[in-house]
Amino acid sequence: MSLALQTRGLTRHFGDLTAVDAVDLAVPAGSFYGFLGPNGAGKSTTIKCLTGLLRPSEGEIRILDLDPLADPVGVKKMIGVLPEDLALFDRLTAAETLGFVGQIHGLSRETLEQRAEELLTLMELNRRKDSLVTDFSHGMKKKLALAVALLPAPKLLFLDEPFEGIDAVASRQIRNLLKSYVSRGGTIFLTSHILQIVETLCDQIGVIQHGRLIAQGSMEEMRRGTEDGRTLEQIFLELVGAEAEASAALDWLT
Amino acid sequence: MLRTIRAFLWMRWRISRNAFKTRQRDSLEQISRALGALAPVFMLLMLVPTVLALAAGGVFLGWKMGQAETVMIWRSFGFLALRGGLAVATITVLIAPMVRSSRGTGSETTRLLLLPIRRGMLHASEVIAALSDPWLGVLFPALVMFPIGIAIGGSVLGGAVSLLGALLFVAILMLAVSLASFFIALIFRKRKRAERFTAVLIVVLSMSGLLFALVGDEWEEGLEKKRDAKRFGVDAAEQAAEDDPDLTLSQHVDQQLPFGVRFLPSEAFMRVVEAAVDGHVAQLGLNLLLLGTWTTLLYVSSRWAYWRLLETPETGGVEGNLGAGFRTRSLPGVRPAVAAVAFATMRLALRTVRGKTAVYLNFVITAMIYVILIRELSKVELPSGLSFGLGIGFAGGFFTLISLQPIMANVFAIDSNGFTLQLLSPLSTSEILHGKVVGSALLVAISTALCFGIGFVLDAKGSPVVWLAGFLILVAMFLVYAPMTLLLSAVFPKVADLSRMGKDGNPQPIAGFVAFIAVPLLLIPPALTAAATLMIAKSGLLTLAGALVWLGVAMAIYIVGMRALCVLFERRRENLLLVATGR
């Protein structure tokens, strides 16, 4: 099994805080990998380390057989990223944003126009393509950021909470698009708190808590050894030990 | 109520204290933020002597006014001076929120609405916060100490009543400042409207001095006439005061002023003081009533404006179709990725108020300077090869570098989340940095070309060789200035909105100051060379040769500087990212 993404001992410190602690990820090529964890577990920091926004304190990373620390530009040519802050210029239009990304990736004018038109149509942004990003709603910005990530046709997609703030219709369209992308050989590394969506989309799961990877494997492997019919949500809550905490307190709350 | 005020004070203290506490920032970033935060503290420390002097002056003046033996004419002049001073102070206090344009505009106001606090309480806390306005803070001790001085001088009752008047006047100023702030915040609720307002303000402030100079002689004549009229008014008032000793000098001067002036709060306050000291009960009562009326009116208005503010959501406004489509642009000799960063930088700047005014206003200002200069210096003989047209073009380029300082000295942080997009894109550090330099160069080129163009149209004389030398000197200045501002941007990044005036749109204070003084300093070596070659050697060719030498030196500095900057940028990129994304 070839790996699209692999880390060994990936660690990131912020002062005396260890946000990511010796994480060993193994994401098979062509898989839909769901990276789960409670708030503040280290998901976004891990993605930032993987995509070159943060430099790891320790550990190794291999992305599509390249070392992103040694060849960051080479890796970035092959990946697409939807980061948590969406990474868009406020005062460029949607079309200019896609033009900017296309030019940097060296797309020809025809390819750029064709892909951008299709993506904006899919995201229902084509009527607003000449509006400034600053005038977009949060959902529209997220769709545009996803279009930006998809435009260069990357081999590996990093998606940080892609469905948060997206309406149901667009969410369904995006899910279909992502499934189709994986079926054609692409790899997706996704974080989401919507476990029902993760369960329907992902075939590989990793769970992080307090910066440490506490479980990793296929959906079947995650369910192995548990009762039949258990949902991903139940497995996740059991792994992070949240059920007992939730039922323990707040008896004053009427 | 006290609990709420305590909670607010605690919240503001923690917010300012926590601004320095973040594990994710490196030590250089901590220092940069501390220095940025300390700049207002230094300003405050510089204000302390002014506050003390004004307070002491207030006590002294009050003491003199309160003494029964103080000569009538001097007392009257004291009142007149105070009336003028307070009128100027009132105007200053009201203009300050327009330039600052940030208080009460943020989403934190709306967030406070979710708390179980009455709107009236929120409004009161905002009005009280007006005391933190530096202008009001300077004025407040002097206003309070003045009645105390009157009491010390012997007129205890006069002092007590004057203190009541002073407190009413301070309340009026606080409410007026708040009302102005709320109105400006309402304007800023709509982005496009805010940008237009800021643009108009920048144009008016930039042009006001020049307009006065343009009307020149007529203005001077007008002033002289007014001075004569004033002298006559005072003489007449003094004469009238001698004829009718029951009336104060101020009352006689009033007859020379428009009737409506006496209804101004500063005037009413001074009349309260005057009447309290002199024992004119009717005048005292009327003017206290007037101050009370002003307080009530302003309270009602500011409360209404505040409530409107709370209920008005922030919107973008209607933006025209920008219509650039997916079009990409290239630049000769520039890699496509560098050109993409450069055009993004240029577009971003030109879609902000600061960027637009920095690029498109310089040629108007330089043209106006020419009109003023030509009147004053038409008989001045310039060294051979020079012309006023070249001077206009060169001055325009010089001022362009200065006016682009908010963009060039903070070039990473102004990208906001767009900076993340650049870091995620397959761009090398060198491509990002060169893209920023080329983007800034495009902005400088647009403005400078307009200035040279207007200079050429107005006065095309002079040697073409010297014109070329002038242009090359500007290019050389830019080649040194650009890496210098990149260095400042990397070391002192600060979140800034280039469509705002005041500190919200400014770079970090140290970066702004260094970038500001760097431009004239960079001009000194080539200017001295040009002056020597033109005035002593009287040779345009030597001037060009000097400019070329300086260009070579600048090129070498640029190449070495950019290499060093690539290393620095790599070290600073995580902090730059945190600042740009507002963390």
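Ala87(A) is buried, with a relative accessible area of 2%. Buried means under 20% relative accessible area, exposed over 50%, and partly exposed in between (1.4 Å probe, protein chains only). The model is predicted: local features need pLDDT of at least 70, side-chain atom pairs count only at pLDDT 80 or more, and totals for chains, interfaces and linings use all residues. Residues are numbered from 1 along each chain as its sequence is written, and side-chain values use heavy atoms, without hydrogens and water.

Most residues other than glycine have a negative phi.

| Residue | Phi | Relative accessibility |
|---|---|---|
| Ala87(A) | about 50° | 2%, buried |
| Ser416(B) | about 55° | 23%, partly exposed |

Ala87(A) sits in the loop between strand S6 (79-82) and H3 of chain A. Helices (H or I, at least four residues) and strands (E, at least two) are DSSP runs, numbered from the N terminus.

Next, helix H3 itself. The axes of H3 (residues 94-104) and H5 (residues 138-150) of chain A come within 9 Å and cross at roughly 25°. H3(A) and H5(A) are therefore roughly parallel (angles under 35 degrees). Contact (heavy atoms within 4.5 Å) involves Ala94(A), Thr97(A), Leu98(A) and Val101(A) of H3(A), with Leu144(A), Ala147(A) and Val148(A) of H5(A).

The largest nonpolar core has 162 residues. Such a core is a set of buried Ala, Val, Leu, Ile, Met, Phe, Trp, Tyr and Cys residues joined through side-chain atoms within 4.5 Å. Phe189(A) and Met477(B) have the most contacts inside this core. Helix H19 (residues 464-491) of chain B gives the most to the core, with 17 residues.

Terms used:
Chains are lettered from A and ligands numbered from 1 in the order in which they are written. Axes are lines fitted to C-alpha atoms, for helices over the stretch in contact, and angles run from 0 to 180 degrees between N-to-C directions. Angles under 35 degrees count as roughly parallel, over 145 as roughly antiparallel, 65 to 115 as roughly perpendicular and the rest as oblique.
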